[in-house]
Amino acid sequence: MDIKKVLKEATKEIELSSNQLNLQNIKVAYLGKKGRITELLKSLKNLSLDEKKSVGAELNQLRSEVDNLIKSKFNEIKVEEINSMLKNESIDISFPPPNSISPKVHPISKTFDEVISIFGSMGYSVAEGPDIETDYFNFSALNIPENHPAREMQDTFYIEDKDKDGKPFVLRTHTSPVQIRTLLKEKPPVKIIAPGRTYRCDSDSTHSPMFHQVEGLFINKNANMGNLKGTLIEFCKQFFNVQDLKVRFRPSYFPFTEPSAEMDIAYEIANNKIKLGQGDLWLEILGCGMVNPIVLENCNVDTKNFQGFAFGMGLDRITMLKYGLTDIRSFFSGNLNWIANNGFSIGDF
Ligand code: DAH
């Protein structure tokens, strides 16, 4: 049994392979059900007990070496493919669009403007934070320490560069770090919303790796849960244009609020269309609660004198609900037909 020869041949083939399909074929040829290494392992049964032990160990070593070589080559090919896509598929965003296209406002942009205007009328101003965050602002300052299960609830994109604490930067998984940034900058009372992009490693019809949230934060001497409920109900009535809106608040858990709740709005399906505000079905639209004093203390807020509430809402989700759209990914497909059908004329705005 020439194990060295097999390893040499496999190594050479893997090295020469230049695309994923070819590499997959090599994997099957060596490690598949009828692959060379698998066949060698099967032939162990004809050996004596002593031989089985030594040859078996060598074969296992061979199998894991070939497997590792394939894995690392696979990563190499993937990186090459991405780099070549980045190089060849660049678009010239300064190129003027054809005249036949009438400009449209994207539904998410419309939602942004409406959200800012509704909360603006309640006295909220707009705060901002960066999309690339530090571990501290995205997690620790919000009372989500390392190894906390809440970190796993949010599939985080990490960036190779490290921050001054030696931790990798993250693409912010929520808009909540803007709470921290604002409280470190401004003295209470604070009344802000922070709409913006957020990122999680997730993709299906209701999740997109890039999505949008709006954070709300109200800190003063006596803001309470009743104010929070009133604010959110009023927002939903205005945003969804439904005066008689059935909602419920369910107890929940977030490390940065105590107590915490989630808000659902009622809906029903009539004639294949979703009707919001009434009915026996419930849709979750946001998380909220009274800001955990630990978070306030992390921002040097005097918790003897100040308290407040916070909320975080998915802007893509409320946009989908409002306009009866079913696939979040269509928002970001860049498809001109889609925007022609689902966008808004500038005049409507
Ligand atoms: N940051 C939470 C998330 O993305 C949402 C959230 C919940 C924000 C409760 C809040 C809050 O401000 O109080 O899942």
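Some ground rules come first. Residues are numbered from 1 along each chain as its sequence is written, and side-chain values use heavy atoms, with hydrogens and water left out. As the model is a prediction, local features need pLDDT of at least 70 and side-chain atom pairs count only at pLDDT 80 or more, while totals for chains, interfaces and linings use all residues.

The protein chain splits into domain 1 (3–86) and domain 2 (107–128 + 188–331), with bounds that come from an automatic or database domain assignment. Taken over C-alpha atoms, the centres of domain 1 and domain 2 are 51 Å apart.

Now for the ligand. It sits in the largest pocket. Here a pocket is an open set of points on a 1 Å grid over the protein atoms alone, where a 1.4 Å probe fits and protein lies on both sides within 12 Å along at least five of seven lines; a molecule "sits" in one if more than half of its atoms lie within 2 Å of its grid points. The ligand is surrounded by 16 residues, the closest being His-174, Ser-176, Arg-200, Gln-213 and Glu-215; to be near, a residue needs a heavy atom within 4 Å. By type, this shell holds 5 nonpolar, 9 polar and 2 charged residues, where Ala, Val, Leu, Ile, Met, Phe, Trp, Tyr, Cys and Pro are nonpolar, Asp, Glu, Lys and Arg charged, and the others, Gly among them, polar. Strands β7 (210–220), β11 (281–291) and β12 (307–314) each supply at least two shell residues; strands (E, at least two residues) and helices (H or I, at least four) are DSSP runs, numbered from the N terminus.

Several polar contacts (N or O atom pairs within 3.5 Å) show up here. A polar side-chain atom of His-174 is 2.9 Å from a ligand nitrogen. For Arg-200, a polar side-chain atom is 2.8 Å from a ligand oxygen, and for Glu-215, a side-chain N or O atom is 2.6 Å from a ligand oxygen. On its own the ligand has 360 Å² of accessible area, and the protein covers 92% of that (Shrake-Rupley method, 1.4 Å probe).

Most residues other than glycine have a negative phi, and most peptide bonds are trans. Pro-188 and Pro-189, however, are joined by a cis peptide bond with omega about 5°; Pro-189 is in the loop between α8 (177–185) and β6 (190–199). The bond from Glu-258 to Pro-259 is cis as well, with omega near 0°, and Pro-259 belongs to strand β9 (residues 257–270). Finally, Asn-147 has a positive phi, near 70°, in the loop between α6 (135–138) and α7 (149–153).

Terms used: A polar contact is a pair of N or O atoms within 3.5 Å; within protein, one must be able to donate a hydrogen and the other to accept it, and residues adjacent in sequence count only if both atoms are side-chain atoms. On a 1 Å grid over the protein atoms alone, a cavity is a set of points where a 1.4 Å probe fits but cannot get out, and a pocket is an open set with protein on both sides within 12 Å along at least five of seven lines; lining residues have an atom within 4 Å of a point.
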